[in-house]
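Thanks for asking me to look this one over. My comments are below as numbered points, so please keep the structure open while you read.

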Amino acid sequence: FSVNLARLNVSFPESEIITRFYKNGQLLPVYNILPSYRSADNLFYNHNRSLIFDAGNEFRRFECLSVHYPTMGIDAIKYLSPYYHVELLPDAPRNNYIFDEDHDGCFVVRTVDSSDDPDITADYVFVNFTLQSEKYLGELFVVGQFNGWNKTSSNQMHYDEIRKCYTASILMKQGYYEYAYQ
């Protein structure tokens with residue numbers, strides 16, 4: 001990418017222009033990268049090693065449109081008073097880049113069980129996430145637009161030593177969700 005300096009009032013662009021980088025809507029810990037080269041009116045940031053990121057970060061998804069039958073990405077639905085529990089199909093780490101057109105972690109509250117306003121009529125369900133993986137160093141969370149990309153105790157995953165997987169149970173409204181593990 002490049003920064004056109006023609007309309008900017010800067011004397012020392014390399015030190016006055018501050019760069020911030022986002023990937024899938026999330027701020028990265030990479031900032032103030034020096035340009036690769038400069039022309040009279042532009043700063044160019046081409047082929048910069050600091051701006052090359054690992055691939056494989058396409059979002060995963062599920063859709064809970066009914067509490068009566070499983071839909072996309074759902075293995076089973078059980079009622080354990082007072083909530084329905086949605087068991088997602090287990091996920092595994094992705095070692096290679098997989099292109100799967102997504103909407104950058106979006107969510108849409110909706111249901112097929114009622115024709116009324118889904119913001120009001122969609123049920124709350126506990127969604128059970130499973131990531132089959134060896135234990136990582138550090139913490140792991142389920143994130144997306146549905147929780148504002150926040151990493152809190154309510155979306156933190158916990159490692160199950162017996163099953164060799166991470167699990168999390170999150171209270172969510174019925175609908176379409178894209179999510180990532182971070």
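**Notes on the model**

1. A search of the whole structure turns up 6 salt bridges, a salt bridge being a side-chain nitrogen of Lys or Arg within 4 Å of a carboxyl oxygen of Asp or Glu. Side chains of opposite charge can pair when their charged atoms come close. Three of these pairs are taken up in the points that follow.

2. Before going on, a word on the basis of these notes. This is a predicted model, in which local features need pLDDT of at least 70 and side-chain atom pairs count only at pLDDT 80 or more, while totals for chains, interfaces and linings use all residues. Residues are numbered from 1 along each chain as its sequence is written, and side-chain values use heavy atoms, with hydrogens and water left out.

3. Let us begin with R38 and E14. Their side chains meet in a salt bridge with an N to O distance of 3.4 Å. The pair links distant parts of the chain, with R38 in strand β4 and E14 in helix α1 (residues 13-16), 24 residues apart. Helices (H or I, at least four residues) and strands (E, at least two) are DSSP runs, numbered from the N terminus. R38 is partly exposed at 44% relative accessible area, and E14 is partly exposed at 35%. For these labels, buried means under 20% relative accessible area, exposed means over 50%, and partly exposed lies in between (1.4 Å probe, protein chains only).

4. Which strands form the open sheet that includes β4? There are 3 strands, in the order β1-β5-β4, and the pairing is antiparallel. β1 (2-4) and β4 (37-38) stand at the edges with a single partner strand each, so one side of each has no neighbour in the sheet. Strands count as paired if DSSP finds at least two bridges between them; β4 and β5 (residues 42-44) pair over 2 bridges in the antiparallel sense. Within that pairing, R38 stands opposite L43 in β5.

5. The loop between β4 and β5 holds D41, a partly exposed residue at 42% relative accessibility. Setting aside neighbours within four places in sequence, D41 is in contact (heavy atoms within 4.5 Å) with V3, N4, L5 and A6.

6. A second salt bridge joins R60 and D91, whose closest N and O atoms are 3.5 Å apart. R60 lies in strand β6 and D91 in the loop between β8 (83-88) and β9 (107-109), so the pair ties together parts that are 31 residues apart in sequence. Are the two partners buried or exposed? R60 is buried, at 12% relative accessibility, and D91 is buried, with a relative accessible area of 12%.

7. β6 pairs with strand β14 (residues 175-181) in the antiparallel sense over 5 bridges, and the bridge partner of R60 in β14 is Y179. E63 is also found in β6 (residues 60-64), and E63 is buried at 12% relative accessible area. Beyond neighbours within four places in sequence, E63 is in contact with T71, M72, I74, R110, G175 and Y176.

8. D160 is partly exposed, with a relative accessible area of 23%.

9. How many disulfides does the structure hold? The count is 0, taking a disulfide as a pair of cysteine sulfur atoms within 2.5 Å. The sulfur of C106 has its closest cysteine sulfur in C64, at 16 Å, which is too far for a bond. C106 counts as buried at 13% relative accessibility, and C165 is buried at 2%.

10. Last, the surface. Y83, Y124 and L171 form a nonpolar patch with about 270 Å² of accessible area together. Patches are made of residues with over 30% relative accessible area and no salt bridge, with like charges joined within 9 Å and nonpolar side chains (Val, Leu, Ile, Met, Phe, Trp, Tyr) within 5 Å. Accessible areas come from the Shrake-Rupley method with a 1.4 Å probe, and for residues only the protein chains shown count as cover. Y124 sits in strand β10 (residues 124-132) and is partly exposed, with a relative accessible area of 45%.
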